[in-house]
Amino acid sequence: MGTDFNGGSASFVKIPAIKFTQLFINGGFVDSVSGKTFETIDPRTGEVITRVAEGDKEDVDLAVNAARAAFDHGTWPRLPGAGRGRIMMKFADLIDQHVEELATLDTIDAGKLFSFGKTRDIPKVAEMVRYYAGAADKIHGEVLKISRNLQAYTMLEPIGVVGLIVPWNFPSTLLFAKVSPALAAGCTMVIKPAEQTPLSALYFAYLAKLAGVPDGVFNVITGFGKTAGAAISHHMGIDKVSFTGSTEVGREVMQAAAKSNLKQVSLELGGKSPLVIFEDADINMAADLALLGVLYNKGEICVASSRIYVQEGIYDEFVKKLQEKAKDWVVGDPFDPNVHQGPQVDKKQFDKILTYIEHGKNEGATLLTGGKPLGNKGYYIEPTIFTDVKDDMLIAQDEIFGPVMALMRFKTIEEAIQRANNTRYGLAAGIITKDLNVANTVSRSIRAGIIWINCYFAFDRDCPYGGYKMSGFGREFGMQGLYEYLHSKSVVTPIYNSPWL
């Protein structure tokens, strides 16, 4: 298995100076009320990148007050949709102009591949802002046909002040899955990026200001989930919280919303997604998709296909092909363009993944490849594939959020459906087959929010996704993502002497 451990990145890219480390409240960068800061760590080396302002309840209060004033009295929700759209288009252009610096921040903060950030993640953020900018002037209700002497219509209005709590695995992409529709709807917002990856969110705040987003609309509080995140979830001045992260923390967000002002909640939570490979599949393509499905972004992705079910007639051949391909998977410095997999985000996640690998060994699964840390610094782990996995093993039940694949065989389509659904999660699933009837039957039978047939990670800004079961509720992307930030209001008035109803 190829590896590359350069430690630094001087030979690949010049790391720019970190420009923004303060909170962003009401259009300006400020220190936290307490004056506290915390370290943000480079997972390539385990060394400190810089110190960032540590926001707490008092800072959240200031941000909410600014967002509330901007919503209740400011221009943003009162602009015509086309006016918001023009500012969002400028925001998108500025993101395009700063692609390299933004991609660099996500690489040094999260260990993400720089080449992907520069060519995919950040450009797609700009595309998403443009998509919702185009939707901003297409928000409308409908005229209703009432059965009495009444005229009625619906209006779609912005929810208000929204709290956006963002995870560390896709710090830019998932931030703008929330920010873009919220801006288009006319909401104002308080953003809390993950404590592991605060840097790009602060840079985006700077660009929002440059684009002309009014003060108070876009606020960023860096800090910890137990303090800043909890303050957002409990806040009486916030009308909705959108959270992406673990199921455990999602429960806490819901409880906080219920105990405070019954604010609306959207949750995109964990997953243990199955990839079901039938005997008629192209084995080479299936092996490529299976490997990509669990190793992309070093397995730190909620829809990872970490449960692979292979029909028994091709199981042995598939395992052989997978083993061959895994040997060519290169782990190393994420700035190296030849690397496929960088380091896990931090020491905590690194240790968690290695613990699950030990569980797999102890429970009797067969370690086909990998299973060990790599290098003497940083948080690198070998791509790990287990065979002979049983459905009741921890590695087949729990979301590991790392480069660990559980391989299992099945006989019939009925068995495949039953086992694919044998999970508390329901975020995504993949099906590989040449039989349209099989694809239709299985896609309609698996309880998950998005199903990919003969592909995987086929995301698009126009295609909504979200969870079933303990993977959460609410949708991101597409027009459904926009409606998450809108209230529907019905307006009714009597009509007299009308020739028709």
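Author: A pocket is here an open set of grid points, on a 1 Å grid over the protein atoms alone, with protein on both sides within 12 Å along at least five of seven lines, and its lining residues have an atom within 4 Å of a point. In this predicted model, the second largest pocket is lined by 21 residues, and Lys124, Thr173, Tyr296, Phe457 and Phe459 are those that lie nearest its centre. The elements that give two or more residues to this lining are α4 and α5, and α4 supplies the largest share, with six residues. The space in the second largest pocket comes to about 550 Å³, and its lining divides by class into 13 nonpolar, two polar and six charged residues.

The two helices also pack against each other: α4, residues 114–135, and α5, residues 173–185, have axes 9 Å apart and meet at an angle of about 15 degrees. Since angles under 35 degrees count as roughly parallel, α4 and α5 are therefore roughly parallel to each other. The crossing in which α4 passes α5 is right-handed. On the side of α4, the contact is made by Asp121, Val125, Met128, Val129 and Tyr132, while α5 brings Thr173, Phe176, Ala177, Ser180, Pro181 and Ala184. Taken by class, the residues of this contact are eight nonpolar, two polar and one charged.

Notes: Residues are numbered from 1 along each chain as its sequence is written. This is a predicted model: local features need pLDDT of at least 70, side-chain atom pairs count only at pLDDT 80 or more; totals for chains, interfaces and linings use all residues. Side-chain values use heavy atoms; hydrogens and water are left out. Axes are lines fitted to C-alpha atoms, for helices over the stretch in contact, and angles run from 0 to 180 degrees between N-to-C directions. Helices (H or I, at least four residues) and strands (E, at least two) are DSSP runs, numbered from the N terminus. Angles under 35 degrees count as roughly parallel, over 145 as roughly antiparallel, 65 to 115 as roughly perpendicular and the rest as oblique. A crossing is left-handed if the near helix is turned anticlockwise from the far one by less than a right angle, and right-handed if clockwise. Contact means heavy atoms within 4.5 Å. Ala, Val, Leu, Ile, Met, Phe, Trp, Tyr, Cys and Pro count as nonpolar, Asp, Glu, Lys and Arg as charged, and the others, Gly among them, as polar. On a 1 Å grid over the protein atoms alone, a cavity is a set of points where a 1.4 Å probe fits but cannot get out, and a pocket is an open set with protein on both sides within 12 Å along at least five of seven lines; lining residues have an atom within 4 Å of a point. Grid points are joined across faces, edges and corners, and a volume is the space filled by probe spheres set on the points.
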